[in-house]
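Student: Please take me on a close look at a single chain of this model, starting with how it meets its neighbour.

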Amino acid sequence: MQITDLHITHYKNLRKVHIQPDARFNYVVGDNGMGKTNLLDAIYYLAFGRSYFTSSNADELILFEEDFLRIETHLVTDTARMSVVAKMPRGGKRIIEHNKQPVKQITEHIGIIPVVFITPDDGFILLSASAERRRWMDRTLSMKDQSYLRALKGYNKLLRQRNALLKSAPPGQDISQLLETYDIQMVPFAQQIFKIRKQFTRSLLPYVLRHYQEISLGREDVTISYQSQLSEASLHELAKANYQTDRMTKRTGKGIHKDDLVIEINGRPIKRFASQGQLKSFVLSLKMAQYQFLSEQTGKRPILLIDDIFAKLDASRVQSLLEFLRHSAFGQVFITDTDTGRMRHIFGKSNGDGAAYKMNEGELQSLSV
Amino acid sequence: MNFSSKLIEDAVKAFSSLPGIGKKTALRLVLHLLQEKEEVTASFVQAIGVFRADIKQCRVCGNISDADLCTICLDKARDHSTICVVENIRDLMAIESTGLYKGAFHVLGGVISPIDGVGPEQLNIDALAKRLNHGTIKEVIMAISPTIEGETTIYYLSKLLESKVPVITQIARGVSFGGELEYADELTLARSIADRVPYSVHTPSAG
Ligand SMILES: [Zn+2]
């Protein structure tokens, strides 16, 4: 699977970009702040209908003083060709189109263009609160399985209603009947999500281990475990036992919205005890594992977006990433870097496969290498 | 649009505040009234004023009504041992227009959605429970759209009513039943009522 004929209009600082990406490697060089990351993010936006980088106000994605953004491509697979558009007017709703027909639900779109995004700041996935790890899991699993995303959306909608009920009910009013109604509706969604996340963690581990050992050249013992309240009891039981606490805190305390991935190196939580080097190695392994998981589970090779990580990694990690890129069965890759020389070097190692571009003030030009 | 008259402009504004009426249509209506005799406008205004002031809500079922009880509740030819529960009056009208349902109704006035400030107390639920206290009701049909909020409402009501009525049913989810009853075509709607299925209140087993 690859994207061809990519048009980006008014996305962040990209006024008008039109390229015919190479089916394999696409190198983008340019100084910081020129718009390289925005190019990768535009591809991510096309895949998810949102930016990789959290933005509270979607209008901020639109180029200053312009009225809309639009990203368009032709998606080519072995068997089919389709046009995909993501567009949004200022102050309006984002619209996704497949072959010029608007898609009704985002659940019908996510997974059409699987992507894996590697950025220099990915360490936050490991260091932040559990919400970031759930978000990473959810995005990965949504690309694999539309029913997962539907279950998640159903669960979250019920959770919001349940929390609103807890918040608005006057103290003393008996709301247990309605709380239980929500719990019973949430049970099948929660069960499905629990099962898929558990299975995911299990199948992810061997990939992560292999990459981590390669990158760190070490014999460190790494474990990833899925932590969920649902492994102790059913959601219905957990919720019922927690009614009083829920009413006091005015929040739903039990459910799959409390899940986490617990990662340990040599028996110690990575969050608190890992060195900078271990963190970088681990998060890179996690992203590579994500890539392999998606390729093997979906039969489609995701688009790999690698943003400016060569400057931030030491030589041995760069080397193992390159080895990975060269030897694994890869689809389309977009790589950005500030250093033209290094890019040329990498480019040479890939036998000159691919296309190179230079990004300057939001404008993209072809580079002959 | 630029009007030479502030009076015309105000009248256009009033009409175009109604759903489905744009500025252009509003202007056409206003100019039409202007061409007609003054009495036409007077009786038009009176009809609307009286309707708004005198319209009532049926004390039994919540339907709109001119009197304390609506024509459906008063109709002796109908089967008052069956109650069809709907979200709103538009849905009641949609089911009435099929001409095939001969039972009574109960209008909830919405679905349970705490996010929108709607809990069971905001809906016409107590009156429904009271209607079932006499033991004369044989069946309650839930004709509520199968959204997440609709499902919450159906489940909540079923739990509340199950001990008071022998049969609780749910309208069949028609083939092209796209959410709101109002938009379902008459045939689909009629069929989904005819093919209603028993609603089972089930509690997932522990473990
Ligand atoms: Zn009535």
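Tutor: Happy to! Two residues are in contact if their C-beta atoms, placed from the backbone, lie within 7 Å. By that rule, 18 residues of chain A touch 14 residues of chain B. The model is predicted, so local features need pLDDT of at least 70 and side-chain atom pairs pLDDT 80 or more, while totals for chains, interfaces and linings use all residues. Residues are numbered from 1 along each chain as its sequence is written, with chains lettered from A and ligands numbered from 1 in the order in which they are written.

On the side of chain A that touches chain B, helix 4 (146–168), helix 5 (176–216) and helix 6 (235–241) of chain A each give two or more residues; helices (H or I, at least four residues) and strands (E, at least two) are DSSP runs, numbered from the N terminus. Helix 4 of chain A gives the largest share, eight residues. This side of chain A holds seven nonpolar, eight polar and three charged residues; Ala, Val, Leu, Ile, Met, Phe, Trp, Tyr, Cys and Pro count as nonpolar, Asp, Glu, Lys and Arg as charged, and the others, Gly among them, as polar.

Now for the sheet. Chain A has an open, mixed sheet of six strands, ordered 8-12-13-3-14-15, where pairing takes at least two DSSP bridges. Strand 8 (115–118) and strand 15 (363–367) of chain A are at the edges with a single partner strand each, so one side of each has no neighbour in the sheet. Strand 3 (residues 25–29) and strand 13 (residues 333–337) of chain A run parallel, joined by five bridges; A:F25 has A:V333 as its bridge partner in strand 13 of chain A.
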